[in-house]
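Thanks for coming, everyone. Please take a look at the structure on the screen, and we will walk through it together.

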Amino acid sequence: MKIEIQITPHHIEPTHGFASEFTGVAGAIADFSGVVRGEENGEAIAALEYEAFSPMAENEMRRILASLAESFPCLAARVIHRVGIIPAGDIAIQVNILARHRDAAFATLSGFMNRLKQDVPIWKRRALPLRPPAAQHADKSAPAVRPHKHIPSVDEALEAIRSHVSSLHPVATQLEQAGGRILLETVYAQEDLPTTDRSTRDGFAILQGDSSPVFRVVDTLYAADWKPRQLKTGEAVRVATGSAMPCENLRVVMQEDVERGGDSLKILSPDSSDNVRRRGAEMSAGQPILTAGTRLNAGALSLLATIGCTRPKVSPRLKVLHFLTGDELVSPDQKPMPAQIRDSNSIFIRGCMQPFPAELRQQRLPEDFERAKTVVIDQRPGIDSADVLLISGGASVGDKDFTRKLLEFLGFQTVFQRVNVRPGAPFIFGVAGRRIAFGLPGNPLSHFVTWHAFVTVALARLTGGTPPVFSRGTLASDLPDAGSPRETLWPARCQISEGKLELTPLRWNSSGDVTCLADANALIRVPVNIAELKAGAPVEFTSF
Ligand code: AMP
Ligand code: MG
């Protein structure tokens, strides 16, 4: 029995049927979708969070299916289990069973579902309650927001972002538009590759094991020719590199190794190599080729083109709207007056968004709440259709800092408005259903740090990509004066030296510093209240 198992954090579309290899053999297809109910123990819920212990969970599911197959013979089984936060109404598990007879298909399906609960290490981590009634206009699928006075640590802020952001629904997209997007389905080969035995040399195809003293050339095949014929002992066919072989069980003698006279030829140097790329040598129908979560680079696109997958399901283009605040800001091509500064945050965000397939709109807002409100009222449809709203500046609590107020005016609920981090403490995260918003502090270094530490995690989750994680490295030089009651995300240069990941902390004094921005490709986590870190100390860092 062919078994496919997949555990995925992504949205599952109902699937049906199997690769064409079973056409005409199967008499029964049992398809089952387990959907998250909007209720748990009598309480209304927005979502369930599932966790899996991989790869044990996959192995266990495979084992259960194989053992059921001993009693109920089936041809194929596919199980896709979603993990992470699954909104009510979404599919948590999809099972497809293919059998010759319906009894076996039903028995396998029901036996599998019963044993799944008991034996497989996949469990419900928690149920996410519906948000309070006042907020019910927002999307029911997102987890509840509990505004609190507590200032979250870096880890808590990351956890809050992770729990509120899940991947957008996949869209089927033409290959020409799919570059850089995340594949949100596992793609299977629909046919063997190569589809027939093909020659890897210019030469002569003969039957395997044919040791005739002389061969008669009975045909000529170029790369585009398809002329099936059963070769006989003593017969040869002239072939080119890439030619589809006329029948099975042939091998190719390189033209350099034969002596040809008219229609006959002799093999000069007997050689045992086949010089044939066999049908299915690279992949066979039904085999997974690319898994969900793969970023589609040029190589992956060419693979999809080869197998004829021309509309893969991928992450949609993100709609990102960026508002810039600060009346003191002038465009970089202007000479600032003494009280003005050049806006560097807009181009920073544009640069950071470049690797993401996204539509980015940027606009300035007046630094006056009432005037800013009139601008956003005018733009309401555009704002409400953005997946991500970013506001740079005004994230703190000064008289003119209205980011939080403006986000709430736009229907966002504040998840947190500050993080216990430096630089970048005034950092706001808000949600409105599936839409999210960030208020980034205007100081360029704070803006840089909060982007790389937090915003990128949300963007990766929205697009189904792999969020950045903290890794372990070694400090290349001392870090004196590191102590702070806030965790520090220290800008650093990460490089490999003598096979070790080394982190050189860069110099910065204030969150307005800009000189380290060009060199920094990592942030080192410096725990709270630490006196100093010496060169050689192990540190956690994230790189970009
Ligand atoms: P804010 O977050 O609005 O309180 O701004 C904090 C500091 O960052 C102020 O000194 C601002 O002038 C500066 N700042 C704000 N926005 C930008 C920007 N787009 N580019 C450079 N500096 C900025
Ligand atoms: Mg400002």
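Which polar backbone atom is 2.8 Å from an oxygen atom of ligand 1? That atom belongs to G394. The pair is a polar contact, meaning N or O atoms within 3.5 Å; within protein, one must be able to donate a hydrogen and the other to accept it, and residues adjacent in sequence count only if both atoms are side-chain atoms.

Some ground rules. This is a predicted model, where local features need pLDDT of at least 70 and side-chain atom pairs count only at pLDDT 80 or more, while totals for chains, interfaces and linings use all residues. Residues are numbered from 1 along each chain as its sequence is written, chains are lettered from A and ligands numbered from 1 in the order in which they are written, and side-chain values use heavy atoms, with hydrogens and water left out.

Back to the ligand. E328 places a polar side-chain atom 2.5 Å from an oxygen atom of ligand 1. S344 uses a backbone N or O atom, 3.1 Å from a nitrogen atom of the ligand. On its own, ligand 1 has 480 Å² of accessible area, and the protein covers 79% of that. Those areas come from the Shrake-Rupley method with a 1.4 Å probe; for residues, only the protein chains shown count as cover.

Who else is there? Ligand 1 is surrounded by 15 residues, and the closest include D343, G442 and N443. Here, near means a heavy atom within 4 Å. The shell has five nonpolar, six polar and four charged residues. Ala, Val, Leu, Ile, Met, Phe, Trp, Tyr, Cys and Pro count as nonpolar, Asp, Glu, Lys and Arg as charged, and the others, Gly among them, as polar.

Now the whole chain. There are 10 helices and 34 strands. These are DSSP runs, numbered from the N terminus: helices are H or I with at least four residues, strands E with at least two. The C-alpha trace spans about 95 × 60 × 50 Å along its principal axes. Of the 544 residues, 51% are buried. Buried means under 20% relative accessible area, exposed over 50%, partly exposed in between (1.4 Å probe, protein chains only).

Last, cysteines. How many disulfides are there? The count is zero, with a disulfide taken as two cysteine sulfur atoms within 2.5 Å. Take C494: its closest cysteine sulfur, in C516, is 15 Å away, so too far for a bond. C516 has its closest in C352, at 14 Å, also too far. C494 is buried at 14%, and C516 is buried at 4%.
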